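Subject: Structure handover and notes

Hello,

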Amino acid sequence: MAWKTLDDMDLKGKRVLVRVDINVPMENGVVTDMTRIERIADTVYDIQDAGGKVILMAHYGRPKGKVVESMSLIHIAPAVADELGVPVTFADSDYRDAVKEMQGDEVLLLENLRFNPGEEANDPAFAKRLASLCDIYVNDAFSAAHRAHASTAAIAKLRPSCAGRLMAEELGALEAALGSPKRPVVAVVGGAKVSTKLDLLGNLVGKVDHLIIGGGMANTFLAAQGINVGKSLCEHDLADTAREILEKAKIVGCEIILPRDIVVARDFKADADNETVAPEACPADAMILDAGPATVAYIEEVLTNAKTLVWNGPLGAFEIAPFDAATNAAAQAAAKLTKAGKLISVAGGGDTVAALNQADAAKDFTYISTAGGAFLEWMEGKELPGVAALNG
Ligand code: ADP
Ligand code: MG
């Protein structure tokens, strides 16, 4: 890989400016989920252990280039200090002086980058101002890497730069899953709509051996094959696109797996009366809300023979039981195979992570990406500006 890690840098006595993602959820001034802060700990400790001074920079919310007091990172600073167990000082404007005054193992946190319009504009002048604070630039915010901003893109050219621990871990996991994966590779793509994941499907068809399509997306594919999907969530106007994807898959030898049986109901609510039928037998007044047991059995067979799995999107309306059954079963099968050392499994996406947690499967996956948009763009095969910038 072209990018460097902390191990390639001489950090002793250096001022190290680290782009992190600490865009944590807050309620009434209290951080309700520390995960993102926990995940930058290794980078901070490793830089300090190597004798470097840590300056953190991050965004919070969407202030759109203006100072919005409620989005100041000053509110997050105490949580960072608590979680990392190091003193954290906050600098709202006089960055240079604040850097000069840094003592001992103190970490300096800069104000919300997005208060400055130069950040999202990838403005060279703003990047230069940030670069002037440091000797070395580290990007540890994979989740912000799909944006070409001053702190993720422009700055990387101005100082020796490398990936932080979290970024390196994420890139390593993704590379193992789609870059040079062990085959056969299976992708699960589910969720609500094909229209939001067209690029993703297009890219995966050319890369994976088996593509399992589930959730509302599967309905669009079933309908495109002439099946009446009743009142199901379905994008009928994408029938041609769905057929093109099926055609491309045939040409490149990718097996597309659609539901072989479906769970249908008349109401979109928990414990709604439901039945399991063949796809061709969807009643005109019903909705397809999950894949059935025959589909799950086949998915388990495919996973058992696979070496690598990438997953985005639930197989059904997992928020309402019992329509979480297929998602749970497939997730648990993947978790078990991973635990047994037979499968490399990588998953990402807001609802996907929630679904895998709900199935109690996430903890056994090889890697769960919390990067949202960046993970999806990576699955789509797009170059991420924040990663490209590190490639020098
Ligand atoms: P992610 O956030 O992981 O990228 P998506 O947002 O694409 O996933 O999809 C998740 C949503 O898709 C969930 O809210 C789920 O209820 C919905 N969904 C899945 N299958 C169906 C279905 N058959 N009918 C309606 N909604 C569905
Ligand atoms: Mg979602």
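Which side chain is joined to that of S143 by a polar contact of 2.5 Å? The partner is the side chain of D21. A polar contact here is a pair of N or O atoms within 3.5 Å; within protein, one must be able to donate a hydrogen and the other to accept it, and residues adjacent in sequence count only if both atoms are side-chain atoms.

Before the rest, some conventions. This is a predicted model, in which local features need pLDDT of at least 70 and side-chain atom pairs count only at pLDDT 80 or more, while totals for chains, interfaces and linings use all residues. Residues are numbered from 1 along each chain as its sequence is written, chains are lettered from A and ligands numbered from 1 in the order in which they are written, and side-chain values use heavy atoms, with hydrogens and water left out.

S143 sits in the loop between β7 (136-139) and β8 (161-163). Helices (H or I, at least four residues) and strands (E, at least two) are DSSP runs, numbered from the N terminus. With a relative accessibility of 17%, S143 counts as buried; buried means under 20% relative accessible area, exposed over 50%, and partly exposed in between (1.4 Å probe, protein chains only). Apart from neighbours within four places in sequence, S143 is in contact with D21, R36, A371 and A374, where contact means heavy atoms within 4.5 Å.

T308 belongs to strand β15 and is buried, at 0% relative accessible area. A polar atom of the T308 side chain lies 2.7 Å from the backbone oxygen of K182. If neighbours within four places in sequence are left aside, the contacts of T308 include A176, A177, P181, P184 and V185, as well as L343 and I344.

Helix α11

Helix α11 covers residues 293-305, which makes 13 residues. From first C-alpha to last, α11 reaches 19 Å, close to the 18 Å expected at 1.5 Å a residue; the expected span is 1.5 Å times one less than the number of residues. Its buried residues are T295, V296, Y298, I299, V302 and L303. Viewed down the axis of α11, these buried residues fall within an arc of 165°, so they line one face of the helix. The arc is that of the directions from the helix axis to the C-beta atoms. P293 and N305 are exposed, and they are carried on the face of α11 turned away from its buried side. Among the elements that cover the buried residues of α11 are β9 (185-189), β10 (210-213), β11 (255-257), β14, β15 (308-312) and α12 (325-339).

The three-stranded sheet

β14 also takes part in an open sheet of three strands, in the order β13-β12-β14, with antiparallel pairing. β13 (274-277) and β14 (287-291) stand at the edges with a single partner strand each, so one side of each has no neighbour in the sheet. From one strand to the next, the twist averages 35°. Two strands pair if DSSP finds at least two bridges between them; β12 (residues 262-265) and β14 pair over four bridges. Opposite A265 stands M287 in β14.

Backbone geometry

Most residues other than glycine have a negative phi, and most peptide bonds are trans. The following residues depart from that pattern.

- R183 and P184 are joined by a cis peptide bond, with omega about 0°. P184 lies in the loop between α7 (165-179) and β9.
- The peptide bond from A321 to P322 is cis, with omega near 5°. P322 is placed in the loop between β15 and α12.
- N122 is not a glycine, yet has a positive phi of about 55°. N122 lies in the loop between α5 (117-120) and α6 (124-131) and counts as partly exposed, at 24% relative accessibility.
- D271, also not a glycine, has a positive phi of about 60°. D271 is in the loop between β12 and β13 and is exposed, with a relative accessible area of 63%.

D10

D10 is found in the segment before β1 (15-19) and is exposed, at 53% relative accessible area. A polar atom of the D10 side chain lies 3.4 Å from the backbone nitrogen of K12. The C-alpha atoms of D10 and I257 are separated by 50 Å, the two residues being 247 residues apart along the chain.

Regards

Terms used:
Axes fitted to C-alpha atoms, helices over the stretch in contact; angles between N-to-C directions.
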